[in-house]
Amino acid sequence: MALAAQGFTRRRPDAVAPRHLHRTMTRLGVLQIDSVNVFARSHYMPMFSRLGAYDPALLDRTFLSRTTHYVEYLAHEATFMPVADWPLWRFRMREWQQRAARPDAWMHAHRRTLDWVRDELRARGALRPADLRDDAPRERGSWWDWDEAKIALEHLWRCGEVAIAGRVGFERRYGLAEQIIPSGIRDTVVTRDDAIRELVRRAARSYGVSTIADLNDYYRLRDQSAVRAAVADLVDAGELEPVVVRGWERLGKPGAAWRHRDATLPRRIDRAALLTPFDPVVWFRDRALRVFGFDYRIEIYVPAEKRRYGYYSLPLLVGDRVVGRADLKADRASSTLRVQSAWWEAHARPEADAEHIAQELVRAARWQSLERISVSGWGDAADALASALHGSDTAVDRHVHPRE
């Protein structure tokens, strides 16, 4: 049910079009943004996992180049979200405004910088931070500090005064919200209770079956009392029903869980996929453990010599099981997808699963326009994947990882 709710039962299209991206976004609600580009930036991955290979420029045009359909905000961490959802986040913007109004707040102490940034955006429209730097008012005296201007942009964005008008490369373009968000959307008033209820309803639909903790985390609401109240309202409305999930017990008693009325039980999940660490399937680590028995931590910030699985290991999905993880790197200089490590989970079926994952690795290499695949020997799944890959029509070799 969880994977069906996330779109893993739908057939991959022969050619991905904008409508497929929009349909997937309706299921996901948000697309988390991450700057790490060792294989592919995170926001490109969920579409690949669900739809298969597509032109990344299509996502750029749809999400980064314009704000007709989507805009960025803190709707989980930094995410793309439908521009129509802007009013749902007024309560979070107000919370940032209240913090900013405190006498000890950064914005309180840097009003001059904030006023200058507002004036520049009002006069010139949406700007990259570099555009502000080029015209920094150094002649005005020692108050100017470039880091302060960047911080000001981020604060104004969190408070809802500024919105993101797309990106150039990966650099944001900031503009006043009144210049970017249509007035009909910007002027819509949604109370905090109504916003949280709507966000909980969407999270429940995106998860299929969920706990209070799951629903609280999907949009990082950080308010269990409000989430519980929203769940009660949605149960009364017939949108959620209480269920018991085997294995979700707490202190020997069934844990509270709810099924969304649209959740379906598929006959099977006939799909393999590489997942980004920030895919909704696994982004809440407690849920990943509870649903899939997958104990997952990302090791970007772990010293290299202490990493167990690798710098940026991607979860490997086969059917309804997360069967392992692989640390991938796109080596552009040599046009090679490097499998720097690969590991099985305890419930993997190595011989059969290796064939499915090998097919996804070939698809991933082609998606990233890489001509060959190289597999290291680090990890208990490495040899099985290398063997399965040798049966593909992609050039495959082996390399030695420093940890071997």
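Trainee: Which helices each supply at least two residues of the lining of the second largest pocket?
Mentor: Quick caveat: this is a predicted model, where local features need pLDDT of at least 70, side-chain atom pairs count only at pLDDT 80 or more, and totals for chains, interfaces and linings use all residues. Residues are numbered from 1 along each chain as its sequence is written, and side-chain values use heavy atoms, with hydrogens and water left out. Helices here are DSSP runs (H or I, at least four residues; strands are E, at least two), numbered from the N terminus. The ones you want are α13 (212-218), α14 (224-236) and α15.

Trainee: What volume does that second largest pocket have?
Mentor: A pocket is an open set of points on a 1 Å grid over the protein atoms alone, where a 1.4 Å probe fits, with protein on both sides within 12 Å along at least five of seven lines. Grid points are joined across faces, edges and corners, and the volume is the space filled by probe spheres set on them. For the second largest pocket that gives about 330 Å³.

Trainee: Which residues are the closest to its centre?
Mentor: There are 15 residues lining the second largest pocket, where lining means having an atom within 4 Å of a point. By class they are six nonpolar (Ala, Val, Leu, Ile, Met, Phe, Trp, Tyr, Cys, Pro), four polar (the others, Gly among them) and five charged (Asp, Glu, Lys, Arg). The closest to the centre are Thr-211, Ala-213, Arg-250, Ala-256 and Arg-290.

Trainee: Which element gives the largest share of the lining of the largest pocket?
Mentor: The largest pocket holds about 520 Å³ of space, and its lining is made of 20 residues, with Met-1, Ala-2, Leu-265, Val-291 and Asp-320 lying nearest the centre. In that lining, 13 residues are nonpolar, one is polar and six are charged. At least two lining residues come from each of α1 (2-5) and α15 (285-292). The largest share, five residues, comes from α15.

Trainee: How much space lies in the largest cavity?
Mentor: A cavity differs from a pocket in that the probe fits but cannot get out. One cavity of 30 Å³ or more turns up. The space in the largest cavity is about 40 Å³.

Trainee: Which helices each supply at least two residues of the lining of that largest cavity?
Mentor: Look at the residues around the cavity: Ala-2, Leu-3, Gln-6, Tyr-207, Pro-280, Val-281, Arg-287 and Phe-292 line it. They divide into six nonpolar, one polar and one charged. The helices that each bring at least two are α1 and α15.

Trainee: Now the backbone: is Arg-220 buried or exposed?
Mentor: Most residues other than glycine have a negative phi. Arg-220 is not a glycine, yet its phi is positive, about 50°, and its place is in the loop between α13 and α14. Buried means under 20% relative accessible area, exposed over 50% and partly exposed in between (1.4 Å probe, protein chains only). At 17% relative accessibility, Arg-220 therefore counts as buried.

Trainee: And where does Ser-335 lie?
Mentor: Ser-335 also has a positive phi without being a glycine, with a value near 55°. Its relative accessibility is 13%, so Ser-335 counts as buried. As for its place, Ser-335 sits in the loop between β11 (321-331) and β12 (336-344).
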